[in-house]
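Here are a few exercises to work through with the model on your screen. Have a go at each task before you read its solution.

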Amino acid sequence: MAWPVPSLQPYRQRILLRAAFLSLAAATVGLAISVLQQEKQLSYQSYAQSFRKTQDQLGATLRHPTGQLALLNPPAAAPGSELHPLLLPFPALDFDDQYKVQQAVAMSGCLAQVGEHGSICTGIGNNPWAGGFIYVAGTFDSAQLVPHPKREVSVDQAHRVVLKVAMRGAQYHWIAPFEQPVEGVESRGGMQGRLTGFTAADAGRPNARPVRDFRGWIWQSPVCTDAAMPPDDARCRHSTFFSVRLPVGVLQDALFDKARPVWPPEDLDKIGVHLAVLGPGDGAPLLDTARDRVAPGFRLTDLRAQLLPGETLRISKTGGPELLRLEGAADSTATASPLLARLVRRLPVTASDAPLTGSMVIATPLGNYTLELHGDARSVNQNLSVVATRVSWFVGAMLGALLLAWLVVEVGIIRRITALTRRADSVAQTVKGSSELAQQDFSDLRGQDELGVLARCLQDLLRRVREDAEREAIRAEQERDMWHAVGHEIMSPLQSLMALHGAEGNQSKRYIERMQQAVRILYGSASPSEAFQSSAMQLEDVDLDAFLQSVAANASCAGIAGVCYDGPGAAVMVRADEHALEDVITHILQNAARHREAGSTIRITLEAGERNAAVGIHNQGMPIAEEMLDKVFEYGVSSQDGGAAGSRGQGLFVAKTYMAKMGGTIAAHNVAGGVAFTLNLQRS
């Protein structure tokens, strides 16, 4: 059994619309995945280049003096607030030459910011044979320096530097006042003098002797730090630079304890240095490392900022143990969706995700250091997953907008169009009268938009159709009543005529019987067309040859002259209703008489076959228009406008209806010089 295939034609627009929305959603997701794959490819390539660049930057940083200073001074476990001397990349400082000291301090990068306007560098040389000295150099801002007068016992009325060193349980405390400029020494502008160091116990005592190996110099710029202020203004502050060499007995003694001294000292990060610069009197210090915040200089741990997540930096002394291991900090605030992370990992790329490794050797005055940088390109997946998680919100918003648009179209438009289509189709297929029309309601689909206007128009149209149907029903009822009345009035005279002319052999009896049959058909019908279509035929065997001879002979009685019959002259038996068949031929003869040429003959012919008999009726005259050959048999169609000459377009309709009920056919066609009608009837 073959199942019927439903037609998709009514759903084509709906399917197309839904397919468009699905295509947009698929295109949005596909675009996001394609961009993500391309970004992964570019990120892998960029990471490989960035890895080499990071390696070069690390090498350049550590080859710089500040980097070498950091290599020579590994970070303490917990850096405190105290200053600790750093191992400098050169044997000693030329503490008595301002420019050499400044250049050495700047190149080594050991200067640390102290407070807002000060700086300080504390260090020791990289050569143990240079002596056990701690070098302190720095800057501070102050008014014009007040020197310590000669032969003055008290040092409180001059600018002075106070230094303290704590090491291995020993405490060293010096006070170094600023003394008058040295005669014969060019000051090069500004002020220049010596810092003479006294132990704290001897400072301020008569005949106090300075510390022999303590050396210090101080230089003050003649220009105010505020360039707009004149130098002689009391508020002018000058930038002052100092350089001090501190003799530390513990370090000096350690050089002779062993055959080969350990340098730098193992407890270098435990040596505490404190420095304060005091002005004349008991005022607050101009610079105090215990009070002011000391900003740490560059340290190896600062290299972590250059590492990406997943990268590891190992620093070790060549041939020695590992000094430091740093790992790139991951962004703890960024989270990635596990689903997107799995998707990113599965995206195919041509770049390799194998771990990257690079190493280099940094040379310093105290030996070589090896840097090993390890990177993993797979860390790109994590970063890309974080970015994809953020972007997924925008993709989700786009898909949500598409879904919302689809819902608006589906619920607000398609659903209403479907309801309109279904109800309109129901009206077109099932409505037969005003009762069915009353059941169709579009009021729930009304609105202010286009579909609401359409629903309102359909509702108004349906109301007018219902009103027209009601009026048509009333008219049909009135017409039925009229036919009842007309039929009743006609039947009475016909019965009287039948009584007068009902004798056998009377020609009038035949026509009275036909009139009675027509009245019976019309009696009780709503309209002529319904009457003819609902009439019943009494089929019997009829000799068609004799019947046509009789019709042709009696045609003049019906007002049709000039009818001749040309038949086989032998009986041709067919199944027909004699009265209905006579009505058919009479209607065709009347139609032929109206359209024939004046004085021409209407010919009736008969051709008998094995199963059918064909009756031909031919008249000479104007042909029927080709487009009207089939329409002339429809009810109410007439070739004469307005039913002229009594034509109402009913005769040929009756002929076709009766022929169909008798199992026959009727057709009209144009022939040379006129029109021919052909009737086919079944043989008995």
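**Exercise 1. Find the buried residues of helix 11 and the residue that caps its N-terminal end.**

Step 1: go to residues 544–554, where L544, D545, F547, L548, V551, A552 and N554 are buried (under 20% relative accessible area with a 1.4 Å probe, protein chains only). Helices here are DSSP runs of H or I with at least four residues, strands are E runs of at least two, and both are numbered from the N terminus.

Step 2: look at D543, which caps that end with a side-chain oxygen 3.3 Å from the backbone nitrogen of D545.

A word on the source: this is a predicted model, so local features need pLDDT of at least 70 and side-chain atom pairs 80 or more, while totals for chains, interfaces and linings use all residues. Residues are numbered from 1 along each chain, and side-chain values use heavy atoms, without hydrogens or water.

**Exercise 2. Work out the strand order of the open four-stranded sheet.**

Step 1: the order is 14-13-16-15, with antiparallel pairing (strands pair if DSSP finds at least two bridges between them).

Step 2: strand 14 (322–327) and strand 15 (356–364) each have a single partner, so one side of each lacks a neighbour in the sheet.

Step 3: from one strand to the next, the twist averages 15 degrees.

Step 4: strand 13 (residues 312–317) joins strand 14 over five bridges, and T312 sits opposite E327.

**Exercise 3. How many helices and strands does the chain have?**

Step 1: count 13 helices and 23 strands.

Step 2: of the 684 residues, 39% are buried.

Terms used. Buried means under 20% relative accessible area, exposed over 50%, partly exposed in between (1.4 Å probe, protein chains only). A polar contact is a pair of N or O atoms within 3.5 Å; within protein, one must be able to donate a hydrogen and the other to accept it, and residues adjacent in sequence count only if both atoms are side-chain atoms. Axes are lines fitted to C-alpha atoms, for helices over the stretch in contact, and angles run from 0 to 180 degrees between N-to-C directions.
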